[in-house]
Amino acid sequence: MTPLAVVNCGQLVTLAGPARGRVREELRKLSIIEHGAMLIRNGAIERVGPHATLTSQLPADCEVLDAGNRVVLPGFVDAHTHPVFAGTRVDEFEQRTAGATYEEIGAAGGGIRSTVRKTRAASEDELFQVAERRAAWFLQNGTTTVEAKSGYGLSLEDELKMLRVIRRLNSAGPLHYVSTFLGAHEVPDEYRGRASEYVDLVIDEMLPCVRREQLAEYCDVFCEPSAFDVSSSRKILQAAKALGFGIRMHADQLTRSGASQLAAELGAATADHLEQVDEPGIRALAQARGGAGVQPVLLPASVYCLGRHKFPPARQMIEAGLAIVLATDFNPGSSPTPSIPFVLSLASTQMRMTPAEAITATTINAAYSLGRGGRIGSLEPGKRADFVVHDCTDYREISYFVGVESAHTVYIDGQCVYRKHCDG
Ligand code: NIG
Ligand code: FE
């Protein structure tokens, strides 16, 4: 393959640093090369450095991408999404404008269960087609890897169908997917009042089958009294762990139930949401995994889209030394947005995170939360050439401007996968 030189980068934001999730003041160190350049070969980064040095030693047969003095970042890694579903929930969106809450709509049979009915009725091909359209949305927003959850099937057959769609999306490319089994997202209609039987189904049939077919790396549970309480969540996640799944959890989102403590007890990779977490919960997360900590995945777009005001206490988590992650939670109910730039804006305006902290949380820290910190999330030699030219000259503009298309050109595996039309 012809080598590619990316030259004239106003800021080459490399995120080079220690080979682990970044904590405390490390979160603000982006390792920026002002007027930098980068050499790509066979889909991987070979060298990064100052423009003048790098361009004086380029291979003769090299293709050149002139970044036009713009900002170049690693592709965003969105570590929490639900991108495979049929239909929308625009009706519920409108009901909420009249005062109905997310919880009331869910308890009345809507919410997750309404998407489950539509997703069950859809074929694998139909789900693949709608999800491909959403893959384009992620790319256009500068995201190059997404974690994708099942959880709108809630029967063996329909969960497998969703996970096969995720596998197909990943093989079709160019967006990379990391797959998570979320069979315990909600108790489906036919098991209402028999939740413990559904938990048995997840443990005895779904988990072993998903494992056998190698359809997911992680297992997630919506740990919430209205869905799966701490004791059912523990049973499911212990079974998943015994089969070799990594653990992620929807924890302390709507109520504080001890979910953070459970994530710590199980040594989960991540505890996600955490709007309701308190100081003891944060301490438990920080002390878990032999002091390495459970990574919090904060999802402020779901707080915003539900019209709420209680954002997760990011500053307290940073002070506690947690390797914080931010993600979209893209889903049809609580967070219908695929935009990491929007999440960056919320992190700074609602959670007092600096633009630099938020970028670390959506790149290298997100990559580590998915066990891929050695391959993606920063622009360092040996890593996959997943990078984005953003249409600005200072990285802080990505958080500062709201509702503009930031990504100018997107590369995955060293190949151009998106270019903004009407170049300006
Ligand atoms: O992360 N809380 C559970 N799951 C999703 C919402 C899914 C839905 O409403 O369809 C979340 O917010
Ligand atoms: Fe979620």
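1. Arg-89 and ligand 1. In this predicted model, a polar side-chain atom of Arg-89 is placed 2.7 Å from an oxygen atom of ligand 1. Two further side chains approach nitrogen in the ligand: an N or O atom of His-185 is 2.8 Å from a nitrogen atom of ligand 1, and an N or O atom in the side chain of Gln-253 is also 2.8 Å from a nitrogen atom of ligand 1. The protein covers 100% of the 330 Å² of accessible area that the ligand has on its own.

2. Surroundings of the ligand. How many residues surround ligand 1? There are 15, and the closest are Arg-89, Tyr-102, Tyr-152, Gln-253 and Ser-334. Ligand 1 sits in the largest cavity.

3. Salt bridges. The model has 28 salt bridges. One of them joins Lys-161 to Asp-158, with 3.1 Å between the closest N and O atoms. Side chains of opposite charge can pair when their charged atoms come close. Both residues belong to helix α6 (residues 156–172), and because they are three residues apart there, about one helical turn separates Lys-161 from Asp-158.

4. Backbone geometry. Most residues other than glycine have a negative phi, and most peptide bonds are trans. Two places are worth checking against this background. The peptide bond from Gly-173 to Pro-174 is cis, its omega being near -5 degrees. Pro-174 belongs to the loop between α6 and β8 (176–184). Ser-31, which is not a glycine, has a positive phi of about 50 degrees. The loop that holds Ser-31 runs between β1 (4–13) and β2 (32–41).

5. Surface patch. Which residues form a nonpolar patch on the surface? They are Tyr-400, Phe-401 and Val-404, which together have about 350 Å² of accessible area. Val-404 is in the loop between α16 (397–400) and β15 (407–412).

Methods
Residues numbered from 1 in each chain as written. Chains lettered and ligands numbered in written order. Predicted model: local features only at pLDDT ≥ 70, side-chain atom pairs only at ≥ 80, totals over all residues. Heavy atoms only, no water. Patch = residues over 30% accessible without salt bridge, like charges linked within 9 Å, V, L, I, M, F, W, Y side chains within 5 Å. Areas by Shrake-Rupley, 256 points an atom, 1.4 Å probe, with all protein chains shown as cover. Salt bridge = Lys/Arg side-chain N within 4 Å of Asp/Glu carboxyl O. Helix = DSSP H or I, 4+ residues; strand = E, 2+ residues; numbered from the N terminus. Near = heavy atom within 4 Å. Polar contact = N/O pair within 3.5 Å; in protein donor to acceptor, adjacent residues only side chain to side chain. 1 Å grid on protein atoms, 1.4 Å probe; cavity = no way out; pocket = protein on both sides within 12 Å on 5 of 7 lines; lining within 4 Å. Sits in = over half its atoms within 2 Å of the grid points.
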